[in-house]
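This report describes a two-chain model, going from the overall fold to individual residues.

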Amino acid sequence: MASLHALANPARFLRLARPLTPALLLAGAVLTLFGCWAGLTQTPPDYLQGDSVRILYIHVPTAWLGMGGWSGIALASLSYLVWRHPLARVAARAIALPGAVFAFLCLATGSIWGRPTWGTWWEWDGRLTSMLLLFFVYLAYMALARADADRGGDGRLPAIYGIAGTVLLPIIRYSVVWWNTLHQGESIGLTSSTIDSSMLWPLWFTLAGFTFLFAGIVLMRMRAMLARERREARMRRMAA
Amino acid sequence: MNQWLFVAAAYGLTLGATIALIGWSYAAMRAVERERK
């Protein structure tokens, strides 16, 4: 916890973020490209789904990051409300756009996967609908955070909204258990999977790769936001 | 139904959007950091 508080100092954070950004992007690119190549060429087609099962290697990371992004917003918002760290507010705002993009990509790749597998692009079932709601919750968060910043707010309202939005995460997670949906049940867990390891292994590379890329994007957005805030503070001082 | 068309569309969309997001974030960061200096 002490190291987290130490990182909340913007100058210290920037000293760490500058070398970390290219390292995360490079590692993310290598792992993602290797995982995609392996998923497209080194695994057998599914006996039932055929080659369309290869969409798994990008669909699962986008779902993980769409939901993980909101968890990041909630943690940063909680940190901002409890400890008032300005960096936590910046982090929550920086996560919102990539989180929304990955939530959208999850919906889009799922839809593309659904057409050859289910025979439909879209179905209003529990998993798809709750994920679509999360995407809209992201858009509303971005609009709220922008409006709050424009009117000179202290960021408390978007932070409360960021925490309240977490109610959607267990709904998405357990939607395939609570409702009899078209979407398949849980097939990948932390300790076990119903997918054979000969087909599953490239997923760990794309999961790690996209996560590193996501972290790199968030760091770049945080650096841009901090630089903008410092520039505006300097202009205010000059005008005073 | 050629399944590879769907696979290509999903990979193209995801990788394209990720590259665009990285490029846009990098350009925005460089622009504001350069301006500040």
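## Model and confidence

The structure is a predicted model. It scores ipTM 0.94 and pTM 0.92. For chain B, pLDDT averages 93, and 95% of the residues score at least 70.

## The two chains

Chain A contains eight helices and zero strands. In sequence order its pattern is α-α-α-α-α-α-α-α. Along the principal axes, the C-alpha atoms of chain A fill a box of roughly 70 × 35 × 30 Å. Of its 240 residues, 40% are buried. Among the contacts in chain A with a separation of 6 or more, 79% link residues 24 or more positions apart.

Chain B has one helix and zero strands. Its C-alpha trace spans about 55 × 5 × 5 Å along the principal axes. Chain B has 37 residues, of which 22% count as buried.

## Interface between the chains

The interface brings 28 residues of chain A into contact with 22 residues of chain B. On the chain A side, the elements that give two or more residues are α2 (10–41), α3 (56–83), α4 (86–118) and α8 (197–239). The largest share, ten residues, comes from α8(A). By class, this side of chain A holds 16 nonpolar, four polar and eight charged residues.

## Helix pair α3 and α6 of chain A

Two packed helices are described by the angle between their axes and the distance between the axes. For α3(A) and α6(A), the latter covering residues 156–164, the axes come within 8 Å and cross at roughly 135 degrees. An angle over 145 degrees would count as roughly antiparallel, and 65 to 115 as roughly perpendicular; α3(A) and α6(A) are therefore oblique to each other. The crossing of α3(A) past α6(A) is left-handed.

Which residues of α3(A) meet α6(A)? From α3(A) they are Ile73(A), Ala74(A), Ser77(A), Leu78(A), Tyr80(A) and Leu81(A). Their partners in α6(A) are Arg156(A), Ala159(A), Gly162(A) and Ile163(A). The residues of this contact divide into seven nonpolar, two polar and one charged.

## Helix pair α5 and α7 of chain A

Helix α5(A), residues 126–150, packs against helix α7(A), residues 168–178, at an angle of about 170 degrees, and the axes are 8 Å apart. Angles over 145 degrees count as roughly antiparallel, and α5(A) and α7(A) are therefore roughly antiparallel to each other.

On the α5(A) side, the contact is formed by Gly126(A), Arg127(A), Ser130(A), Met131(A), Leu133(A), Leu134(A) and Val137(A). These meet Leu168(A), Ile171(A), Ile172(A), Ser175(A), Val176(A) and Trp178(A) in α7(A). By class, the contact has nine nonpolar, three polar and one charged residues.

## Gly99 of chain A

Gly99(A) lies in helix α4 of chain A. Is Gly99(A) buried or exposed? With 28 other C-beta atoms within 10 Å, where 20 or more are required, Gly99(A) is buried.

Not counting residues up to four places away in sequence, Gly99(A) touches Gly66(A), Gly69(A), Trp70(A), Ile73(A) and Tyr138(A). One of these, Ile73(A), is also among the α3(A) residues that meet α6(A). Gly99(A) and Leu207(A) are 108 residues apart along the chain, and their C-alpha atoms are separated by 15 Å.

## Ser198 of chain A

Ser198(A) is placed in helix α8 of chain A, the element that gives ten residues to the side of chain A touching chain B. Ser198(A) has 9 other C-beta atoms within 10 Å; a residue with 12 or fewer is exposed, so Ser198(A) is exposed.

Leaving aside neighbours within four places in sequence, Ser198(A) is in contact with Thr43(A) and Pro44(A). Thr41(A) is 157 residues from Ser198(A) in sequence, and the two are 12 Å apart in space, C-alpha to C-alpha.

## Arg84 of chain A

Most residues other than glycine have a negative phi. Arg84(A), although not a glycine, has a positive phi of about 65 degrees. Arg84(A) sits in the loop between α3 and α4 of chain A. It has 13 C-beta neighbours inside 10 Å and therefore counts as partly exposed.

Notes. Residues are numbered from 1 along each chain as its sequence is written. Chains are lettered from A and ligands numbered from 1 in the order in which they are written. This is a predicted model: local features need pLDDT of at least 70, side-chain atom pairs count only at pLDDT 80 or more; totals for chains, interfaces and linings use all residues. Two residues are in contact if their C-beta atoms, placed from the backbone, lie within 7 Å. Helices (H or I, at least four residues) and strands (E, at least two) are DSSP runs, numbered from the N terminus. Ala, Val, Leu, Ile, Met, Phe, Trp, Tyr, Cys and Pro count as nonpolar, Asp, Glu, Lys and Arg as charged, and the others, Gly among them, as polar. pLDDT is the predictor's confidence in each residue, from 0 to 100. Axes are lines fitted to C-alpha atoms, for helices over the stretch in contact, and angles run from 0 to 180 degrees between N-to-C directions. Angles under 35 degrees count as roughly parallel, over 145 as roughly antiparallel, 65 to 115 as roughly perpendicular and the rest as oblique. A crossing is left-handed if the near helix is turned anticlockwise from the far one by less than a right angle, and right-handed if clockwise.
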